[in-house]
Each structure stands twice: as structure tokens, then as C-alpha cells.
Amino acid sequence: MRFPHDFFFGAASAAYQVEGAWNEDGKGVSNWDVFSKIPGKTFEGTNGDIAVDHYHRYKEDIRLMAEMGLESYRFSVAWTRIIPDGDGEINSQGLAFYNALIDECLHYGIVPFVTLYHWDLPQVLEEAGGWTNKRTVDAFCKYATTCFKAFGDRVKHWITFNETIVFCSLGYLDGAHPPGISHNPRLYFQATHNVFVAHARAVQEYKKLRQYGEIGITHVFSPAFPADGQLENAQAADHANQYSLAWFYDPILKGAYPDYVVGQLKERGWTPDWTAEELTVLKWAAPKNDFIGLNYYQPQRVIKNNPEEEAGPASHKVIAGAPGKVSFDRVYKTVSLEDKKYTKWGWEISPEGLLEGLRMLRGAYGDIKLYITENGLGDQDPVENGQILDADRVEYIREHLKAVKQGLREGLHIKGYYAWSAIDLLSWLNGFKKQYGFIYVDQQNNLARKKKLSFDWYKQVIANRGGEL
Ligand SMILES: C[C@@]1(C(=O)O)OC[C@H]2O[C@@H](O)[C@H](O)[C@@H](O)[C@H]2O1
């Protein structure tokens, strides 16, 4: 079986992680431009000042993507290039860069799939409270509408936010992302609610413009499963899915928050200060979402946590996504299992977890249009005689594409797969050590680009539309 002709074989990136040129052509300062320079916040003090210089080398990079036969390139727009101080004047040089990037994609017939927010908030807004301040919601709507009007004649696929759970939990619970606040559930839930309202209002603005493209949101998709058959662990997994899935997917797809979480937030004084008008716009937008983007890397294996057991501070590896994390409310924790395979960063390799999770998602939300907007292997790629032999990445992506194909056989409405990442790039918490790309970037040789083993493999997969998988 070949993948359908209208299925996108794509790859992804994010502005802060690839572009560099952090202070060029009128770009404003972002929260990551500031946070990454606070000693100890990033891996070995790495930052996105240069990243992999995609801002200046995008023509070479897009040409390589075209050589691979890439059908769609998912990238994010840096808000601070478009509106440098967040909600003030528009920067024409910022518009010019993304117009050129979009036109370069279209020159090769590569469909641009644009993420409006991939974690890099204008610092002016961060300093005013970031996503806990409703000013940021209004500012996002202005920014999004500016992008729709500037690029919407050629961009027909829009993602509002990437992984709300990550930038809000790392920002307000773990302190590992801007604004670096720890253990503040009230701000965490407030920030997530404001993001969902911003999403819903952006959907409203987009639909008003009648550009006849599609708009959605990308969430982490990390379904929780009990580590064993014990009832308490099944209950812990249900709790995990309520807080890490339902809280994020329900307001987008159902237009209302899950009662289970709402009830507990009320008991604990963490209820966001939502208004009737905001809840109405969530309800309005739910049926207007054209798709949901899923970033799948691994499932969560969950056991009930013993709240009396003193949990020391999570290690960097755990903060960066490895099992062993106690939930913010100390109800459950994630564990690794003897019979599973793991990456060098301790992330479980589980294509079956993707398929099982997709079935669960259909049960909860029905037949919604899905894109796998991120999936890939973070690794330290082996280099032999100058060749980058990332056979493990080939294996990882092959097995996950086979799971997607099985999902299609079962009638799941999956319309594309975007490997993370098109090109090696800066990892927020792992610097340049954790590689994801089909294209290698030589940090020791002027960021020279080189095709990896997986580049040629993915080229074949696309050419054969996955028929041989
Ligand atoms: C934490 C980490 C990683 O570096 O492994 O997860 C996978 C991937 O998720 C993306 O949304 C981030 O933008 C990208 O940088 C990656 O971030």
C-alpha cells in the first residue's frame, strides 16, 4: 500500500532553533534571546544567536529539501521579526524575509506549513507577564492577522501554537524555559487558558479573511499508559491523560474544559480567571478547527506516585523529557520499563504507542483531520569517513511511518507526516549535541551542510510514496 497522493511527506523546524540573525534587519528581542544568555539555563551556554544560520542560508537549505523531494516544509515565523516589540509597529524587513522564504519553497513546489508561535515571545510582552497577561492574547491576534494578510495568498496551512504544554509547564512549573518560574500551577493554568483563547480568536480572524486555507494547533501527543495491570496505576494513567491530554485537546476540539480537571482546579484555587466571553469564543472556534497537529515522540508509562516519598529536583535529562518525572501535583510519575527500547536521551522508542494512542484519540474526539507535525530521533549521529550514518534514525522513522500507514488502513484521517527535523538545529535544552536532521550541519566547519544516510532514504520513501514500508 502506498500513502495517499494527498498525504504530505514533510519535515519541520522552528525559527529560534535554525535562523540565527537574532538582532538583524529590525528583529526585536525575544524571551529566548534573553533567557538563553542567563548562565546555567541552556546546555553548555548554547543559544540561537547564530543557530544554523538559516536566515542567510535558507536558499541552500530549501534547495536541499527539494533535492530530497520534500513535499512540505513546516517552519515557524519569529514574532519579533514581524512586530519587534510584540504589539507595536510592523517591521517590513521581517515580512520581506518570510515572503522570500515562502517564495523559495513555492519555487520548488514545496508546500509551506507555517507555525505562528514556536516559543519565542517578544521580550517586551514576557516582561509584562507573558502568557499570564491578556495583553499577550490581544498582541498575538494582531501578529497572527498581520501574517495572514502578508502571507495568506501563498500559505494555506497554519498552526497557531506549538506544544502549549511544553512552553507553559517548563515556563511556570519547572522553571526551565522563560519566564523561568517554578511550581506555580495557578500561573500555569492561567497561561494555558490564555493561549487557547488566543488560538480561538486567531481562528476567528482567519475565517473572517476567507483565504480558504486551513488552520489548527499542534499539541504534544504523549498518551499515558499504566506501567502494569494494577488498578491504582490505571487510575494514575487516567489522571495523567486528563491533565496532559484532555486539558489541552478538549478546549480546542470540544470547546470546553474537562470537568475532571475543572473540578480539581476549583478545589485547589487554580481556576483561571476566564470570562464568559472567552469561554464562548472557545466554543465557537472548536468546530472551525481544520485539523489537530500531533507531536509524537514517545508515550508516558505511568504509576501512582507515593506523595510521602520526597522527590528530589528532577535531573536535566528528566526535565528534557526522559521518564522518571513526578507530576506537578505529585499524583503520578513516569517510569521506564525493562522490555522497552530507549534513545540515548532516555526517550522510549514506541511506534506501537503512537498507533494505540491514535486509536484512543479517535475514541475521544472522533474522526478529526490529523497531521503528525513532529516525530524523529534525537541522537548523536555516527560519522564514519566523513559520512553521517544515521541508520538508527532511518529505523526510527521507518517504524513510525509504518504505524501511520496502519492507522490509515484503520481509517484514521492522517494527512501528513513531518519529521523533526529537516536540518540539524539548536535543541532548547540540549544545544547542538542532540541531532534530529536529515541534513547534517558541521559545527566545526562553518556550519557546512551535508546529506545524511537518512536524507537519501527519505528521498526514496517519498519517491515511492512509502510503498515499500
Ligand atoms: C525537547 C525537544 C528536544 O530537543 O528533544 O523535543 C523534541 C522537539 O520538540 C520540538 O517541539 C522542539 O521545538 C524541538 O526543539 C525538540 O525539542
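Tutor: Gladly! Let's start with an idea we need: a polar contact is a pair of N or O atoms within 3.5 Å, where, within protein, one must be able to donate a hydrogen and the other to accept it. Keep in mind that this is a predicted model.

Student: With which side chain does the side chain of glutamate 374 make a polar contact?

Tutor: The partner is the side chain of arginine 74, at 3.0 Å. UniProt, in an unreviewed entry, lists Glu374 under "active site". Glutamate 374 sits in strand 12, which covers residues 370-375.

Student: Is glutamate 374 buried or exposed?

Tutor: Buried means under 20% relative accessible area. Glutamate 374 has 4%, so this residue is buried. Beyond its neighbours within four places in sequence, its contacts include Arg74, His118, Glu163, Tyr297 and Trp420.

Student: Which residues line the largest cavity?

Tutor: Among them are Asn31, Trp32, Glu126, Phe167 and Tyr172. Helix 2 (31-35) and helix 8 (164-172) each supply at least two lining residues. By class, the lining has 9 nonpolar, 2 polar and 1 charged residues.

Student: What about the second largest cavity?

Tutor: That one holds about 60 Å³. Of its 13 lining residues, Ala15, Tyr16, Glu19, Gly20 and Lys27 are the closest to its centre. The lining of this second largest cavity divides into 4 nonpolar, 4 polar and 5 charged residues.

Methods
Residues numbered from 1 in each chain as written. Predicted model: local features only at pLDDT ≥ 70, side-chain atom pairs only at ≥ 80, totals over all residues. Heavy atoms only, no water. UniProt positions renumbered as here; feature names shortened; annotations may be inferred. Helix = DSSP H or I, 4+ residues; strand = E, 2+ residues; numbered from the N terminus. Buried < 20%, exposed > 50% of the residue type's maximum accessible area, 1.4 Å probe, protein only. Contact = heavy atoms within 4.5 Å. 1 Å grid on protein atoms, 1.4 Å probe; cavity = no way out; pocket = protein on both sides within 12 Å on 5 of 7 lines; lining within 4 Å. Nonpolar A, V, L, I, M, F, W, Y, C, P; charged D, E, K, R; others polar. Points joined across faces, edges and corners; volume = space filled by probe spheres on them.
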